[in-house]
Amino acid sequence: MSRADATKARILQAAADEFATYGIAGARVDRIAKTAAANKNLIYVYFCSKEQLFDAVLDAHVTHGLDSVPFTPDNLPEYAGQIFDYCQQHPEVIRLATWHRLERADRDPAAASPAREAKLAALAASRKEGGPGSGFSPAALLTFVLGIALAWNPSNVTSMPAATEAESADDRRRAIVEAVRRLV
């Protein structure tokens with residue numbers, strides 16, 4: 001890895017932490033530069049603006065998340081469970097996505113991603129064969145599955161706070177898997 005690549009990686013990690021905590025408006029390029037042990041001007045050289053840096057961070061996290069969770073259209077319940085697991089292990093992804101919805105809703109980071117397109121194509125092929133959830137369009141089915149998988153994330157205003165519930169994370173995961181099983 002070149003020095004420039006190492007610096008970019010440090011900037012992206014520092015920026016991910018900063019944006020997950022403060023959002024775009026509250027994030028400070030000075031803090032990102034200090035945390036990354038990088039010159040503040042390099043942030044603008046590499047990313048042009050704070051907004052483009054946020055987009056790069058979000059794209060990296062969304063891409064990593066989409067690529068990290070195996071997808072098979074014939075086992076959507078387990079896929080939903082694995083999405084839940086991933087978000088439990090990586091809460092910064094949910095925080096970044098929440099800040100994105102609040103401050104950059106005009107830009108959909110997953111809309112044209114190859115991983116999303118591959119999932120939709122796999123669901124379309126499965127639908128033609130009468131596979132699970134074939135009563136829904138691929139886009140609707142994927143949206144429903146992800147909505148159920150993310151039902152207990154902190155940005156969902158309809159979910160009950162964890163402190164007031166007797167259910168464990170394992171209980172929630174089982175409920176998610178069962179809800180998607182019933183859906184499909």
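**Entry 1: H5 against H6**

I started with the place where H5 meets helix H6 (residues 91-103) in this predicted model. I read an angle of about 90 degrees between the two helices, with their axes 4 Å apart. That makes H5 roughly perpendicular to H6, because angles of 65 to 115 degrees count that way. Then I listed who touches whom: from H5 I have Tyr86, Cys87, Gln88 and Gln89, and they meet Pro91, Val93 and Ile94 of H6.

**Entry 2: the whole chain**

Next I stepped back to see the fold. I wrote down a box of roughly 55 × 40 × 30 Å for the C-alpha atoms, taken along the principal axes. I also looked up burial: of the 184 residues, 36% count as buried. For contacts between residues at least 6 apart in sequence, I found that 64% join residues at least 24 apart.

**Entry 3: H1 against H4**

I went back to helix pairs and picked H1 and H4. Their axes are 9 Å apart, and the helices pack at an angle of about 110 degrees. That makes H1 roughly perpendicular to H4. On the H1 side I noted Ile11, Leu12, Ala15, Ala16, Phe19, Ile24 and Ala25. On the H4 side the contact is made by Lys50, Glu51, Leu53, Phe54, Ala56, Val57 and His61.

**Entry 4: Glu18**

While in helix H1 (residues 3-26), I stopped at Glu18. Is Glu18 buried or exposed? I found 8% relative accessibility, and Glu18 counts as buried, because the cut-off for buried is under 20%. Leaving aside neighbours within four places in sequence, I listed its contacts as Gly23, Gly26, Ala27, Arg28, Arg31 and Ile32.

**Entry 5: Arg173**

I then looked at an arginine in helix H9 (residues 169-183), Arg173. Arg173 is buried, with a relative accessible area of 18%. Which side chain makes a polar contact with the side chain of Arg173? I found Asp85, at 2.8 Å. With neighbours within four places in sequence set aside, Arg173 is in contact with Glu78, Gly81, Gln82, Phe84 and Asp85.

I moved on to helix H7, residues 114-128. I counted 15 residues reaching 21 Å from the first C-alpha to the last, close to the 21 Å expected at 1.5 Å a residue. Which residues of H7 are buried? My list is Ala115, Lys119, Leu120, Leu123 and Ser126. Seen down the axis of H7, these buried residues fall within an arc of 135 degrees, so they line one face of the helix. On the other side of H7, I found Pro114 and Lys128 exposed.

I also checked what covers the buried residues of H7, and the cover includes helix H4 (50-68), helix H5 (76-89) and helix H8 (138-149). After H7 comes Gly130, and I read a positive phi there, near 75 degrees.

**Entry 6: Arg127**

Still in helix H7, I looked up Arg127. Arg127 is partly exposed, with a relative accessible area of 38%. Not counting residues up to four places away in sequence, Arg127 touches Ser134, Phe136, Ser137 and Pro138. For one of these, Ser137, I noted the spacing: its C-alpha atom and that of Arg127 are separated by 8.2 Å, and the two residues are ten apart along the chain.

**Entry 7: two positive phi values**

Last, I checked backbone angles in two loops. Most residues other than glycine have a negative phi. Ala37 has a positive phi, near 55 degrees. I placed Ala37 in the loop between helix H2 (29-36) and helix H3 (40-47). Ala37 is exposed, with a relative accessible area of 60%.

Where is Cys48 found? I located Cys48 in the loop between H3 and H4. The phi of Cys48 is near 75 degrees, again a positive value in a residue other than glycine. At 53% relative accessibility, Cys48 counts as exposed, because exposed means over 50%.

Note on methods: Residues are numbered from 1 along each chain as its sequence is written. This is a predicted model: local features need pLDDT of at least 70, side-chain atom pairs count only at pLDDT 80 or more; totals for chains, interfaces and linings use all residues. Side-chain values use heavy atoms; hydrogens and water are left out. The expected span of a helix is 1.5 Å times one less than its number of residues. Buried means under 20% relative accessible area, exposed over 50%, partly exposed in between (1.4 Å probe, protein chains only). The arc is that of the directions from the helix axis to the C-beta atoms. Contact means heavy atoms within 4.5 Å. A polar contact is a pair of N or O atoms within 3.5 Å; within protein, one must be able to donate a hydrogen and the other to accept it, and residues adjacent in sequence count only if both atoms are side-chain atoms. Axes are lines fitted to C-alpha atoms, for helices over the stretch in contact, and angles run from 0 to 180 degrees between N-to-C directions. Angles under 35 degrees count as roughly parallel, over 145 as roughly antiparallel, 65 to 115 as roughly perpendicular and the rest as oblique.
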